[in-house]
Amino acid sequence: MNNVREWIEMSSEGIQALAVVIIIVSIVFGFGRYVLQLAKRSPSSYSAYKRLLGRSLMLALEILVAADVIRTVLLDLTAQGLEILGALVVVRTFLSWSLVVELEGHWPWQSSRVAAGERVLGAVGELDIEESVHPVSRDSVVLSDSKRTEDQI
């Protein structure tokens with residue numbers, strides 16, 4: 001039984017190490033690619049680097065959650081262990097959602113609608129107002145004021 005526990009602990013630590021390796025490799029590889037694209041004066045070099053890092057971080061977060069679930073369920077199935085696991089999952093889920101919003105510009109639950117080509121209200125960076133509302137220009141305000149003055153005379 002003790003061998004199984006040690007094996008599970010080593011497996012969980014190995015999975016966590018894999019997540020760290022993914023992050024380090026993506027930073028090094030991405031930075032190298034970013035520098036090469038800068039040398040070629042590619043206009044999208046920063047956004048490509050940002051996407052690569054974001055995707056790598058999301059993958060690493062998912063792997064870390066898997067390692068925590070394995071460790072908690074198989075080794076530390078107590079109320080305190082489950083509370084810690086729940087807190088870690090909430091924090092890592094929030095981080096993943098933040099990365100999706102940063103990379104894709106919409107909430108994670110809107111992905112299927114965006115892929116289908118639907119216009120998604122509430123997309124990040126989009127105002128939730130009707131398209132018929134137009135901003136008032138300074139000239140129209142001046143015209144309105146002068147018209148009021150003429151009407152009042």
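Threonine 72 sits in helix α2 of this predicted model. With a relative accessibility of 9%, threonine 72 counts as buried, because the cut-off for that label is under 20%. What does threonine 72 touch, once its neighbours within four places in sequence are set aside? The contacts are Leu77, Gly81, Leu82 and Leu85.

Along the chain, glutamate 62 and alanine 19 are separated by 43 residues. In space, their C-alpha atoms are 8.6 Å apart.

Alanine 19 leads over to helix α1, where it is one of the buried residues. Ile8, Ser12, Ser26 and Gly30 are also buried in α1. And what do the buried residues of α1 pack against? Their partner is α2, which covers residues 45-75.

As for its length, helix α1 takes in residues 2-39, 38 residues in total. At 1.5 Å a residue, a span of 56 Å should result. Just after α1 comes a backbone detail to look for: arginine 41 adopts a positive phi of about 60°.

Notes
Residues numbered from 1 in each chain as written. Predicted model: local features only at pLDDT ≥ 70, side-chain atom pairs only at ≥ 80, totals over all residues. Heavy atoms only, no water. Helix = DSSP H or I, 4+ residues; strand = E, 2+ residues; numbered from the N terminus. Expected span 1.5 Å × (residues − 1). Buried < 20%, exposed > 50% of the residue type's maximum accessible area, 1.4 Å probe, protein only. Contact = heavy atoms within 4.5 Å.
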